[in-house]
Amino acid sequence: MAVLNNLSCFRRILINSSSSRAYLSGFKSSITLEKLYPSSRLDITTIPKAPESKDRKFSGYIPMDKIQISYARSSGPGGQNVNCVSTKAEIRFHLASAEWIPEPVRVKLAEKVKNQLSKEGYFIVKSDRTRSQHLNLADTLDKLRDLIQSTAQSLVIPEISPETVERQRRLHERAARERLREKRAHSMTKQGRQSPTLDS
């Protein structure tokens with residue numbers, strides 16, 4: 001108890017003394033954010049810029065200002081929580097005008113999900129996997145990112161090495177020789193079945 005009284009007295013002395021007040025107001029730690037990140041604006045409200053892609057490939061970046069986000073009541077597990085909080089996340093965007101997806105990938109994706117597009121051409125991704133609104137939103141973004149990247153991968157034509165080309169050529173020649181041998185054997189069998197003819 002005596003220790004607590006001493007601490008409270010010391011705190012009062014520090015607060016009431018003008019010299020300590022001046023010292024406390026001008027004090028800055030050596031590990032403040034301004035010193036650790038001098039070139040940063042330290043503004044968490046700015047939307048990050050999309051990373052530039054020189055080869056027009058999908059970088060995995062989904063601009064949040066280009067998609068519509070909404071929440072609804074979840075039908076998944078959660079007890080009373082599902083009746084109180086809208087945890088089901090849904091994102092939608094107009095696929096034909098989504099310029100943040102490279103055009104070849106966008107065309108291929110439109111063919112791939114043509115049965116899942118709305119009448120207006122909007123593509124919708126939903127998730128109610130967890131009880132958390134933020135985790136479900138992250139899950140919808142992961143689903144969309146995986147779908148775009150898998151579609152982009154399907155457009156890449158793999159390079160065939162010279163060894164593979166040579167091996168395929170040898171296999172093709174061997175298959176052709178085998179086919180001709182079988183044709184000759186079949187022809188000889190048919191000739192052997194014919195009845196002998198009398199020459200005039």
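Me: How many bridges join strand 1 to strand 2?
Reply: Five bridges join them. Strand 2 covers residues 88-94, and the two strands run antiparallel. Bear in mind that this is a predicted model.

Me: Which residue is the bridge partner of S70 in strand 2?
Reply: E90 is the partner of S70.

Me: What's the order of the strands in the sheet?
Reply: The order is 1-2-3. The sheet is open, has three strands and pairs them antiparallel.

Me: And which are the edge strands?
Reply: Strand 1 (68-72) and strand 3 (122-127). Each of these pairs on one side only.

Me: What does the twist average from one strand to the next?
Reply: The average is 20°.

Me: Which strands does helix 6 lie across?
Reply: Helix 6, residues 133-155, lies across strand 1, strand 2 and strand 3.

Me: At what angle to strand 3?
Reply: Helix 6 runs at about 130° to strand 3.

Me: New topic. Where is R106?
Reply: R106 is in helix 5, which spans residues 103-112.

Me: Is R106 buried or exposed?
Reply: R106 is buried, yet has no salt bridge.

Me: Why no salt bridge for R106?
Reply: The nearest side chain of opposite charge, E103, is 4.8 Å away.

Me: What lies 3.5 Å from a polar atom of the R106 side chain?
Reply: The backbone oxygen of A96.

Me: Which residues is R106 in contact with, leaving aside neighbours within four places in sequence?
Reply: A96 is one of them.

Note on methods. Residues numbered from 1 in each chain as written. Predicted model: local features only at pLDDT ≥ 70, side-chain atom pairs only at ≥ 80, totals over all residues. Heavy atoms only, no water. Helix = DSSP H or I, 4+ residues; strand = E, 2+ residues; numbered from the N terminus. Buried < 20%, exposed > 50% of the residue type's maximum accessible area, 1.4 Å probe, protein only. Lys, Arg positive; Asp, Glu negative; His and termini not counted. Salt bridge = Lys/Arg side-chain N within 4 Å of Asp/Glu carboxyl O. Polar contact = N/O pair within 3.5 Å; in protein donor to acceptor, adjacent residues only side chain to side chain. Contact = heavy atoms within 4.5 Å. Pairing = 2+ DSSP bridges. Axes fitted to C-alpha atoms, helices over the stretch in contact; angles between N-to-C directions.
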